[in-house]
Amino acid sequence: MPVPDSSRNTTTNNLQDIAARNRGARHLIEEFSSEFPADIWRFLATAFADTPALSAEITRLRAELAGARLDRANLAAAALATIAAHYDGEPDPLCYLHDELQAQGLDSSRWGRG
């Protein structure tokens, strides 16, 4: 049974576009900086400087979420294979779950299989 690909980015926020707009806004503000009081300029500069770190964090979290979704899909597929194997009378239907748990770095050998 095919598992739908839920790892695709469905957000409407394009980080490259956001970063480009941020750079453009920063450039415009810099051109007018002599007209702003220093404390306002420092506040704006700090706010603009936050964007790259936030973009990196969003990128990292997206990758982490995609990995978690893939692990969940693989575990669900293993569970379905286990159920089908049980109904088919296979001698070790839990091997599908065991193998997937092991592939995800979880040790299921302490329950009697190693």
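This briefing describes the helices of the protein, their packing and a few selected residues.

The structure is a predicted model, in which local features need pLDDT of at least 70, side-chain atom pairs count only at pLDDT 80 or more, and totals for chains, interfaces and linings use all residues. Residues are numbered from 1 along each chain as its sequence is written, and side-chain values use heavy atoms, with hydrogens and water left out. The protein holds three helices and zero strands, where helices (H or I, at least four residues) and strands (E, at least two) are DSSP runs numbered from the N terminus.

**Overall organisation**

- From the N terminus on, the order of elements is α-α-α.
- Of the 114 residues in the protein, 14% are buried; buried means under 20% relative accessible area, exposed over 50%, and partly exposed in between, with a 1.4 Å probe and protein chains only.
- Among contacts (heavy atoms within 4.5 Å) with a separation of 6 or more, 42% join residues 24 or more positions apart.

**Helix 2**

- Helix 2 covers residues 38-87, and its 50 residues should span 74 Å at 1.5 Å a residue, which agrees with the 74 Å between its end C-alpha atoms; the expected span is 1.5 Å times one less than the number of residues.
- At Pro52, helix 2 bends by about 25°, the bend being the angle between axes fitted to the seven residues ending there and the seven starting there.
- Ala45, Phe48, Thr51, Ser55, Ala73, Ala78, Thr82 and Ala85 are the buried residues of helix 2, and they pack against helix 1 (15-31) and helix 3 (95-103).
- After helix 2 comes Gly89, with a positive phi near 80°.

**Packing of helix 1 with helix 2**

- Two packed helices are described by the angle between their axes and the distance between the axes.
- The axes of helix 1 and helix 2 come within 11 Å and cross at roughly 170°; axes are lines fitted to C-alpha atoms, for helices over the stretch in contact, and angles run from 0 to 180 degrees between N-to-C directions.
- Helix 1 is therefore roughly antiparallel to helix 2, given that angles under 35 degrees count as roughly parallel, over 145 as roughly antiparallel, 65 to 115 as roughly perpendicular and the rest as oblique.
- Helix 1 contributes Leu15, Ile18, Asn22, Ala25, Arg26, Ile29 and Glu30 to the contact, and the residues from helix 2 include Trp41, Leu44, Phe48, Ile58 and Arg62.
- By class, this contact has ten nonpolar, four polar and three charged residues; Ala, Val, Leu, Ile, Met, Phe, Trp, Tyr, Cys and Pro count as nonpolar, Asp, Glu, Lys and Arg as charged, and the others, Gly among them, as polar.

**Phe48 and Ala25**

- Phe48 lies in helix 2 and counts as buried at 16% relative accessibility.
- Leaving aside neighbours within four places in sequence, Phe48 is in contact with Asn22, Ala25, Arg26 and Ile29.
- Ala25, in helix 1, is partly exposed, with a relative accessible area of 28%.
- The C-alpha atoms of Phe48 and Ala19, 29 residues apart along the chain, are separated by 9.6 Å.

**Helix 3 and Glu100**

- Cys95, His98 and Glu100 are buried in helix 3, and the buried residues of helix 3 pack against helix 2.
- Glu100 has a relative accessible area of 14% and touches Asn74, Leu75 and Ala78, not counting residues up to four places away in sequence.
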